[in-house]
Structures are given as C-alpha cells and as structure tokens.
Amino acid sequence: MHLYIHIPFCKQACHYCDFHFSTNLSRKADLVDAICAEIRLQQAYLPSQPLETIYFGGGTPSLLTETELDRLLVTIHEQYSVSPGAEITLEANPDDLTDAVKLTMLRRYVNRLSIGIQTFDETSLRWMNRAHNAQEALASVDRARQAGFSNLSVDLIYGIPNRTDASWETDLTTMLALDVPHLSAYALTIEPDTAFGRWERSGKVTPIDEQLAATQFEQLTTALIDAGYEHYEISNFAKPGQYARHNTAYWQRRPYLGIGPSAHSYNGVSRQYNIANNARYIADIRQGVLPVTVEELTVADQVNEYLLTGLRTQWGCSVAELDTLLGNDFSGQLQRELTNLYQAGWLLRDGDRLRLTPAGKLFADRVAATLFVEE
C-alpha cells in the first residue's frame, strides 16, 4: 500500500506551477495538525497491509521543520504498519539543502530525496522564478550525498521558450555528470491559472513550441539511454533497479491514500480528492469531517485510466487485463483503431502487451485517447 502527504507551502510561486500551494506559511503548524488528524480519520481507507512507500510532495516539503516531520511520521507509524524496506521520499528544493544540519536531519527520517533542480541555466531559473540559482542546484546533490543519501532523483524541464537545443544539451551533460540514479524530465506546459498563463494571454510570453519540445525530448531519451538509464515511463529514467517505487504504484493502478489539501486517493473502484483550500481543509478536519469528493469509477473509467497510465510505461498494457476490465474482447472491439496505430508506427503488440514505440512516445495521450472506450 502507498501513502502520499501533500505539503501545500512554498517560499515563492514558480511562474509555471499550477499545483495547490500557498506562499503564506503562517498556518503551517495548523496544517500539520490537520494532516495528522486526517491520517487518523482515513486510517481504514487502505487495506490492512504494510505501507511500501511514503511520499512527501507539494508544494515544498523541505520547508518542514524537524518537529513537524517527526510528528507526521510518528502519526503514520501509529496508524499503519510500515514495511522495513519502505521507500520514504521527500521532495526538496536546492535552496533548502544548503545546511548540512538540515540534510542530516532529513536523512534520519527519509531515505530518498527528489530534488527540483529544473535547469542549470541561470537565465531560465530567473525566468521561471525559481528560488535557487545554478550553483545551489549543483551543490545540492553533493551535499545530499555527503549527508548519506544515495537514492536521489532530480527534476528537469525542457521545451523552455527561446532556449536552444545546445543549451538543453548542456543541462543533460551536467545532469549526467552528477551520476544520480533517477531523473524525471517534463516538458514545460503553460497552464491558464499561472503567471505564464496570464502572460501568454497578454502576449508577454510566446506559446510553447511543440516542435522544440519534441526535439528536446528526443535529445533527452537518446542521451539517457546511451548513458545506461532505462526509459521506464514517458517522463522518468532510472538506472537498473532504481525506479521510483511510489510513482510506479500510480502507473500500475495500485491502491494509495492521499492526505492533505488537494490530495487524491484511489482504492481500485473509486477515486477521491480533498478540497484545494488550506483554511477550509483545516476547518473541516477540526470538525472531524473529511473534505473529500468521491468519484465512483465506471468500467469505461477503469479501462481508460489503465490505457492512459499503462501506455506511458515500458510495461505497457496487458490485453488480458483490458479484456477482464472490459468484460469483452478489447482487441476485437478496437481492431480498426489498433490497426491504424500499428500502421502509424506509434504502437506495437508484443505477446500480451501493448506498448508505445519510440515514435509513439511523442503522442502518448493521443494514442491512449484513440483507444478509449465508452459505456
């Protein structure tokens, strides 16, 4: 079983981010109290099995103090059995990893750090309104290793407007020199309710160049595969045996519980999501009320979600599992669509598995949508 904790606070707002967070830290202690209370209220959501992964996401979980992190983990251990080999991940920004004492503290509580570097290019960091600089980005990995972290992941962003392919290549060369076991790389997207979204509408920011993003995605995959990384999910690369266990659980449709404002949960037959408002979340939890909206999943929902997530991975989708979910012959029902995707060179069938081809990875969502079923 898998547990996600959403910490909705940041020092400042990155211009591209549309996750739920607040830059007002005045209620951080109240929010931690509420999260601990929700952990107790939600204790029966997951089956009674040991937690295999715990993930502190956000927001910026590296803003947590030792007292706050200790309280959260003590509460988790009071309510759940935690596997001795559990992967416990915390997302961190490089500017929060400048203090050796802070890193040593984090190492006592978590065994995996996911560091939000995004780029080593100083101009791009300022343009995105990141709180760290390029030197802090480089130093954060070394400092984490010195504190005892070996299980490290870094995030990068590609497809940044007005940034050349050569500049992106420099980011990749720099990242590979760090020799981290895991990389997550995402194409920049401009969401409407962000600074970039508002600037795009006013003409201050140019729209994303899809061809630029596609070219840089191909640079990314070539460089990482040549360096011995496995491209095990569209946006994720790992050295052999170093997959992100928590995120892999999402892609493989395993049950998980999300705690905190805006967090989502999945139990196999339904999804639920918490209110994305810190003050209302705290108020509801104090009243013993779970601020959740529940969505029961239809057969079509389950099939389509499996296609959307499974095709993004190196394992693809099992035709037998699709048949079971659908209660019908998936291949027969979608024969024309499958044939068109095979002929386009975007999809292949390998025994029981449907997998994207390298060319198909550029169109993953389109391929999945082509195969979506209706009730």
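Predicted model: local features only at pLDDT ≥ 70, side-chain atom pairs only at ≥ 80, totals over all residues.
Residues are numbered from 1 along each chain as its sequence is written. Local features need pLDDT of at least 70 and side-chain atom pairs count only at pLDDT 80 or more, while totals for chains, interfaces and linings use all residues; side-chain values use heavy atoms, with hydrogens and water left out.

- Helices (H or I, at least four residues) and strands (E, at least two) are DSSP runs, numbered from the N terminus.
- Six of the six residues of strand E1 (residues 2-7) are buried, so E1 is largely enclosed by the rest of the structure; buried means under 20% relative accessible area with a 1.4 Å probe, protein chains only.
- His2, Tyr4 and His6 cover one side of E1, and Leu3, Ile5 and Ile7 the other.
- In a regular strand the side chains alternate between the two faces of the sheet.
- E1 runs parallel to strand E9 (residues 256-259), joined by four bridges, and histidine 2 stands opposite tyrosine 256 in E9; two strands pair if DSSP finds at least two bridges between them.
- Six bridges link E1 in the parallel sense to strand E2 (residues 51-58), where glycine 57 is opposite histidine 6.
- A right-handed β-α-β unit is formed by E1, helix H1 (residues 28-41) and E2; right-handed means that, with the strands pointing away from the viewer, the path from the first strand over the helix to the second runs clockwise.

**Open three-stranded sheet**
- The strand order is E13-E15-E14, with antiparallel pairing.
- Strands E13 (317-318) and E14 (347-350) are at the edges, each with a single partner strand, so one side of each has no neighbour in the sheet.
- Four bridges pair E14 with strand E15 (residues 353-356) in the antiparallel sense, and arginine 349 faces leucine 354 in E15.

**Cysteines**
- The whole structure has zero disulfides, a disulfide being a pair of cysteine sulfur atoms within 2.5 Å.
- For cysteine 14, the nearest cysteine sulfur is that of cysteine 17, 6.2 Å away.
- Cysteine 14 is buried at a relative accessible area of 14%, and cysteine 317 is buried at 0%.

**Largest cavity**
- Its lining consists of Cys10, Lys11, Gln12, Cys14, Thr60, Asn93, Asp95, Arg130 and Ala131; lining residues have an atom within 4 Å of a point of the cavity, which is a set of points on a 1 Å grid over the protein atoms alone where a 1.4 Å probe fits but cannot get out.

Terms used
1 Å grid on protein atoms, 1.4 Å probe; cavity = no way out; pocket = protein on both sides within 12 Å on 5 of 7 lines; lining within 4 Å. Buried < 20%, exposed > 50% of the residue type's maximum accessible area, 1.4 Å probe, protein only.
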